[in-house]
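Here's a quick tour for anyone meeting this structure for the first time. Have a look at the picture, then read on.

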Amino acid sequence: MILRQALQEQYHAGLAMLADCVEKCPDDLWNSGTHPRTYWRIALHAAYYTHLYLGQSEEAYQPWPERPHSSPELWEKPGYVEPYELPEDVTPYTKQQVLAYIAYIDRLIDPTIETLDLEATETGISWYKNMSKLSHQLLNLRHLQGHVGQLSERLMAREVDIDWMSKASLKWVT
């Protein structure tokens, strides 16, 4: 089906561009930025939510087996009601860890997209109501690319360019 192939191609391309942002990030930029907008956290956030939203539902989500932190340690401040106040005292992921996570997600793309019910009228994600699964997949791609743009702007300020990919070259996947 051409729609599934298009989604697969664009996920691969988006993840390859995210990996390019991580690979080309100068070491002194990796931990820079004001919490919670450090470079490493933006890259991890883009990868994590791409992974979470890729599946049919929250219940279907399987965490990355090699993650150094549990999800609550990264995304939830204990006792805080709002979901976006992130804990500050988390050991940053290394570039190698984020690249390994991106590669892991990339390997999930084809088999996951093949089995998604793209005609479902709900996303399967509790905080995205009244949205179809297909629309949610498009939102997920926009979310990923938005953060790639954010990271690439930081790189461009350092005169570092990333490669634009209309279709991904999977050479970076280990």
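## Histidine 147

Histidine 147 has a relative accessible area of 16%. Buried means under 20%, so this residue counts as buried. Keep in mind that we're looking at a predicted model here.

You'll find histidine 147 in helix α6, which covers residues 133-156. Leaving aside residues up to four places away in sequence, histidine 147 touches Ile42, His45 and Ala46. With histidine 45 there's also a polar contact: the two side chains are joined at 3.3 Å.

## The second largest pocket

How much space lies in the second largest pocket? About 190 Å³. Two elements each give two or more residues to its lining, namely α3 (39-54) and α5 (95-115). Of these, α5 gives the most, with four residues.

In all, 14 residues line this pocket, and Gly55, Ala60, Tyr61, Gln62 and Thr112 are the ones nearest its centre. Sort the lining by type and you get seven nonpolar residues, seven polar ones and no charged ones.

## The cysteines

What about disulfides? The structure holds zero of them. Take cysteine 21: the nearest cysteine sulfur belongs to cysteine 25 and is 8.8 Å away. A disulfide needs the two sulfur atoms within 2.5 Å, so cysteine 21 is in no disulfide. Cysteine 25 is in no disulfide either, its nearest cysteine sulfur being that of cysteine 21.

Buried or exposed, where does cysteine 21 fall? It counts as buried, at 0% relative accessibility. Cysteine 25 counts as buried too, at 2%.

Terms used:
Residues are numbered from 1 along each chain as its sequence is written. This is a predicted model: local features need pLDDT of at least 70, side-chain atom pairs count only at pLDDT 80 or more; totals for chains, interfaces and linings use all residues. Side-chain values use heavy atoms; hydrogens and water are left out. Buried means under 20% relative accessible area, exposed over 50%, partly exposed in between (1.4 Å probe, protein chains only). A polar contact is a pair of N or O atoms within 3.5 Å; within protein, one must be able to donate a hydrogen and the other to accept it, and residues adjacent in sequence count only if both atoms are side-chain atoms. Contact means heavy atoms within 4.5 Å. On a 1 Å grid over the protein atoms alone, a cavity is a set of points where a 1.4 Å probe fits but cannot get out, and a pocket is an open set with protein on both sides within 12 Å along at least five of seven lines; lining residues have an atom within 4 Å of a point. Grid points are joined across faces, edges and corners, and a volume is the space filled by probe spheres set on the points. Ala, Val, Leu, Ile, Met, Phe, Trp, Tyr, Cys and Pro count as nonpolar, Asp, Glu, Lys and Arg as charged, and the others, Gly among them, as polar.
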